[in-house]
Amino acid sequence: MDHTHTRSGPHDIGGLGSGGIDREEHDYAHWEKEADAIRMLLADARRNLFTTDETRILQERLDGETYWALPYYERRILDCGYHVAKELLAYEAPPDFVAPPLLTALQKRMAGRLVVSPLDGARKNEDLDAMCEICNDAWSNNWGAVPFTQKEFRTVASEMLLLIPKELIQIARVDGEPAAFIVLLPNLNAALQGLDGRLFPFGWAKLLWRLKVKFTRTSRVPLMGVKKKFQNRIMGPGLAFAVIDAVRHVAARMGVKTVEMSWVLEDNEGMRHIAEGIGGVIVKRYRIYERARGGPGSALDPTGGSLAAAGQAAG
């Protein structure tokens, strides 16, 4: 009788020598815990978006090199039928970078037509509406973009303005037309340190001092955009650099040492060139996963169906 065992996949190691068992306890990264929680939630009796059989089959489809190269929870994400949909990047750069000669030349070339100024409190809603229009237009072709309503944008921006100076919002106009903008936010995590989660009795005063007067040494650009009509013209990079240049001088004056620019789509070559041109380095990758929902078009029948997304942040 032939007792030769044909292995069904790299996970099938029954009867094979595999060395000693690592008994050291180790904690999982935060994103790994989140991935496991999402998986458990999607597989519960009420949602039942995938089954144990789907997980087993998908795991067995992985080739050996991929299976052993992946960390445990990333392997589990693939086991659940997810695949990488998009990667987003976070760059860090100092505000006192040396301006690239090409971008400086572009900015000078537009000097007669270009005006960059901070948000004007006297016409706040007009400026916010212009920023909303630029944002929705600039991001309209980006993967996963969802447009703001005017009310949403005004609400979010008005709440931000309670915490930050208006100079941290810069708007560029070409021949009087709003064409680009940028928003810089302080690192709220740093500003909240030492408050123990309490704003009263004096936590609110410390927070406002740190945001309005002392400011934080690190900050982030959460929103930036250039109207599409300018993006593929020579003005495009010049407009992007113009708002970056305006806000970085304000940041440097306030004592900021590091600015994070994220989420930059991996295939947004224009923005990546600008970020790297001013000395930006990639410090984080945000990996977005997606999979077909259960039923027709599920992981066992990946021919269609709507998509659910899970995410991983990796340093």
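Q: Contact means heavy atoms within 4.5 Å, and helices (H or I, at least four residues) and strands (E, at least two) are DSSP runs numbered from the N terminus; which elements, then, do the buried residues of H9 pack against?
A: They pack against strand S4 (177-186) and helix H8 (188-192). The model is a predicted one, in which local features need pLDDT of at least 70 and side-chain atom pairs count only at pLDDT 80 or more, while totals for chains, interfaces and linings use all residues. Residues are numbered from 1 along each chain as its sequence is written, and side-chain values use heavy atoms, with hydrogens and water left out.

Q: Which residues of H9 are called buried, and what makes them line one face of the helix?
A: Buried means under 20% relative accessible area, as against over 50% for exposed and partly exposed in between (1.4 Å probe, protein chains only), and in helix H9 (residues 203-214) the label goes to Gly203, Leu207 and Leu211. Seen down the axis of H9, these buried residues fall within an arc of 55°, so they line one face, where the arc is that of the directions from the helix axis to the C-beta atoms.

Q: Why is Asp196 counted as exposed?
A: Asp196 reaches 63% relative accessibility and therefore counts as exposed. Asp196 lies in the loop between H8 and H9, and its phi, near 55°, is also positive in a residue other than glycine.

Q: On what value does Met254 count as buried, and which residues is Met254 in contact with, leaving aside neighbours within four places in sequence?
A: Its value is 18% relative accessibility, and on that basis Met254 counts as buried. Met254 lies in the loop between H11 and S6, and, once neighbours within four places in sequence are set aside, Met254 is in contact with Pro165, Leu168, Lys214, Phe215 and Arg217. The C-alpha atoms of Met254 and Val213, 41 residues apart along the chain, are separated by 8.3 Å.

Q: Why do the buried residues of H12 line one face of the helix?
A: In helix H12 (residues 269-277), the buried residues are Met271, Ile274 and Ala275. Viewed down the axis of H12, they fall within an arc of 100°, so one face of the helix is lined by them. The face turned away from that buried side carries the exposed residues Glu269 and His273, whereas the cover over the buried residues includes strand S1 (83-93), strand S5 (218-226), H11 and strand S6 (258-265).

Q: What makes H5 roughly perpendicular to H11?
A: The axes of helix H5 (residues 101-109) and H11 come within 9 Å and cross at roughly 95°, and this makes the two roughly perpendicular. Angles from 65 to 115 degrees count as such, with those under 35 roughly parallel, those over 145 roughly antiparallel and the rest oblique; axes are lines fitted to C-alpha atoms, for helices over the stretch in contact, and angles run from 0 to 180 degrees between N-to-C directions. From H5 the contact is made by Leu103, Thr104, Leu106 and Gln107, and from H11 by Pro237, Gly238, Phe241, Ala242 and Asp245.

Q: What is called a nonpolar core, and which residues touch the most other members of the largest one?
A: A nonpolar core is a set of buried Ala, Val, Leu, Ile, Met, Phe, Trp, Tyr and Cys residues joined through side-chain atoms within 4.5 Å. The largest has 55 residues, of which Met131, Leu168, Phe181, Met224, Leu239 and Ile244 touch the most other members. Its largest share, 10 residues, comes from helix H11 (residues 235-253), and a second, separate core of seven residues includes Trp31, Ala35, Ile77 and Tyr82.

How values were computed:
Contact means heavy atoms within 4.5 Å.
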